[in-house]
Amino acid sequence: MLGSKEHVQAVLDEVKTAPIPEAEKALFAFVDKLNDTPGDVRREDVERMKAAGWSDEAVYDAVSVCALFNFYNRWIDGTGVQGLSPAMYERSGKRMAAGGYLPAPPPGSPPRSGGEPER
């Protein structure tokens with residue numbers, strides 16, 4: 001999805017018809033359910049993720065990231081912290097696209113390699 005606003009918008013509009021791999025559709029469906037109705041998540045939901053090719057570790061990571069962002073959103077809402085400007089979101093997105101959530105490499109070190117997330 002990196003580098004294509006149209007591709008990202010297609011996912012945001014309707015995951016089921018977006019031009020992404022079935023494994024990613026399963027991931028987004030799982031996270032949607034975890035966000036919308038967390039008390040309804042069952043073993044069968046995890047099994048669907050695994051059947052789509054995701055490892056136990058990837059499921060754990062998806063749950064952890066989802067939970068962390070829910071925490072952040074509630075913290076922001078409760079404290080009144082303001083979001084970034086659109087320009088800052090764009091800068092942050094470019095930085096994360098290049099290096100993920102890792103801190104920037106020290107000056108002069110070789111660039112990190114990108115790639116697919118581990119499944």
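## Surface and burial

Of its 119 residues, 17% count as buried, where buried means under 20% relative accessible area, exposed over 50%, and partly exposed in between (1.4 Å probe, protein chains only).

## Basis of the model and confidence

This is a predicted model, in which local features need pLDDT of at least 70 and side-chain atom pairs count only at pLDDT 80 or more, while totals for chains, interfaces and linings use all residues. Residues are numbered from 1 along each chain as its sequence is written, and side-chain values use heavy atoms, with hydrogens and water left out.

The pLDDT, which is the predictor's confidence in each residue on a scale from 0 to 100, has a mean of 87 over the protein chain, and 89% of the residues reach 70 or more. Over residues 115-119 the pLDDT is below 50, and beyond near neighbours in sequence this stretch has nine contacts in the model, a contact being heavy atoms within 4.5 Å.

## Overall fold

The protein chain holds five helices and zero strands, where helices (H or I, at least four residues) and strands (E, at least two) are DSSP runs numbered from the N terminus. Among contacts between residues at least 6 apart in sequence, 42% join residues at least 24 apart.

In the loop between helix H1 (5-13) and helix H2 (22-36) lies Pro21, which is partly exposed with a relative accessible area of 41%. The C-alpha atoms of Pro21 and Ala52 are separated by 9.7 Å, although these residues are 31 apart along the chain.

## Salt bridges

Five salt bridges are found in the whole structure, each defined as a side-chain nitrogen of Lys or Arg within 4 Å of a carboxyl oxygen of Asp or Glu. One of them joins Glu22 and Lys25, with the closest N and O atoms 3.4 Å apart; Glu22 is exposed at 58% relative accessible area, whereas Lys25 is buried at 15%.

Lys33, Asp45 and Arg48 are linked in a network of salt bridges. The side chains of Asp45 and Lys33 meet at 3.0 Å, N to O, and this pair links distant parts of the chain, with Asp45 in helix H3 and Lys33 in helix H2, 12 residues apart. Arg48 also forms a salt bridge with Asp45, at 2.4 Å between the closest N and O atoms. Asp45 is buried, with a relative accessible area of 6%, while Lys33 counts as partly exposed at 27%.
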